[in-house]
Amino acid sequence: MSVLPKKNTLGFYEIRLESIGGLGANLAGKMLAEAGVLGLGLNGCNFSSYGSEKKGSPVKSFIRFCDPDVEIRDHSPIEHPHVIGVFHDGLYKMVDVAKGLQDEGILLINSVKQPAQIQQELQISGCTIAVIDALSIALEEKTKVNTAMLGALFRTCSFLNPEDMRKVIRQTFEKKYPHLVEPNIRTFDRGYNEVVFKHYHKETSEVLNIKTAAGHPQLGYQTQPIGGIITAYGNTILKDMSGSRQGFIPSFDQETCINCAACDNVCPDDCFVWIEGEDKRGRKNMFLQGIDYQFCKGCLKCVEACPTGSLTDLREIGNVATEKSVKKRIDSYKGGLVT
């Protein structure tokens with residue numbers, strides 16, 4: 001008898017992971033597939049899809065399981081998964097993370113928000129929303145987000161045996177990083193035990209946009225723009241970039257800043273906003289006004305470099321970056337940056 005709770009028409013139970021580079025979704029997908037294949041004897045496969053291999057860039061990881069007598073002959077991206085795992089809640093501001101989720105499927109999100117808030121923001125129904133604060137767990141255990149997400153995914157996919165994943169964790173870390181075995185097992189167990197579930201029945205109201213019923217390409221031969229038209233031009237002025245960061249931004253305290261520019265020297269993306277002024281002796285100097293988070297990727301190198309503690313790490317929740325950001329704009333007449 002099959003242990004898989006559901007199957008599509010090809011006999012597959014499918015999982016899609018939505019993440020950004022640096023959060024470990026690629027490795028998590030590999031370990032998840034490995035635990036199902038080696039632990040339960042299922043047939044399974046895993047592969048990932050991503051662009052430039054760097055922190056902050058979008059990543060998708062795909063996992064398929066099927067019974068041992070079923071061959072996996074489909075290696076295309078998963079469009080209609082039974083489970084979706086979202087490693088960063090900022091992603092759904094830019095990506096339709098719930099796209100194609102099957103009816104009565106499960107959407108797991110790394111977030112501090114309540115399921116009801118997520119349900120309203122995503123405007124979905126007919127599914128279960130699971131929430132786990134994987135980032136806090138990882139920080140407390142000094143591990144990575146992906147291990148906590150794996151724990152929550154194993155709780156979500158109840159047919160999987162948690163002990164199989166503990167074995168995979170040991171095999172993955174014990175040779176090169178033996179000191180990380182127990183912290184990662186603790187992280188996995190906390191993810192398994194601390195995830196919260198809330199089911200939402202299918203809404204019939206036309207007001208609610210059921211994104212899960214979509215799953216079709218936005219562009220086709222009838223809707224494709226005329227060649228040469230740039231529909232997404234090369235700037236990020238109107239774009240929310242929180243989904244490209246890993247959960248933290250630098251917070252600036254101007255009162256304790258000595259304008260030493262140590263932060264600016266290590267910033268890889270020219271995020272700091274300066275204006276020219278005069279010091280107490282009347283000498284011209286540059287004064288730091290704040291940070292333009294539109295370009296900040298949350299690497300926190302500036303926090304490490306700051307000698308006065310004027311820059312500290314701040315967890316990015318809600319619109320905190322928008323509220324604290326000091327914007328730059330180009331003055332085309334003077335040819336310089338002004339606030």
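Select helix H6: its buried residues (under 20% relative accessible area with a 1.4 Å probe, protein chains only; over 50% is exposed, and partly exposed lies in between) are Val181, Pro183, Asn184, Ile185, Thr187, Phe188 and Gly191. This is a predicted model, in which local features need pLDDT of at least 70 and side-chain atom pairs count only at pLDDT 80 or more, while totals for chains, interfaces and linings use all residues. Residues are numbered from 1 along each chain as its sequence is written, and side-chain values use heavy atoms, with hydrogens and water left out.

Helices (H or I, at least four residues) and strands (E, at least two) are DSSP runs numbered from the N terminus.

Next, show what covers the buried residues of H6: strand S6 (127-132), helix H3 (134-141), H4 and H5 are included. Contact here means heavy atoms within 4.5 Å.

Move to helix H1 (residues 25-40), which has 16 residues and reaches 22 Å between its first and last C-alpha, close to the 22 Å expected. Its buried residues are Ala25, Ala28, Gly29, Met31, Leu32, Ala33, Ala35 and Gly36. Their cover includes strands S1 (13-20), S2 (43-50) and S3 (58-66), together with H4 and helix H5 (162-173). Just after H1, pick Gly41, which takes a positive phi of about 75 degrees.

Of its 61 residues, Ile15, Phe65, Leu107 and Met165 touch the most other members. Helix H4 (residues 145-156) gives the most to this core, with seven residues. A second, separate core has 17 residues, among them Cys257, Cys306, Leu311 and Ala321.

Last, centre the view on His88, Asp89, Gly90, Asn110 and Glu316, which lie nearest the centre of the largest cavity, out of 19 lining residues. A cavity is a set of points on a 1 Å grid over the protein atoms alone where a 1.4 Å probe fits but cannot get out, and lining residues have an atom within 4 Å of a point. The volume of this cavity is about 260 Å³, counted as the space filled by probe spheres set on the points, which are joined across faces, edges and corners.

Notes. On a 1 Å grid over the protein atoms alone, a cavity is a set of points where a 1.4 Å probe fits but cannot get out, and a pocket is an open set with protein on both sides within 12 Å along at least five of seven lines; lining residues have an atom within 4 Å of a point. A nonpolar core is a set of buried Ala, Val, Leu, Ile, Met, Phe, Trp, Tyr and Cys residues joined through side-chain atoms within 4.5 Å. The expected span of a helix is 1.5 Å times one less than its number of residues.
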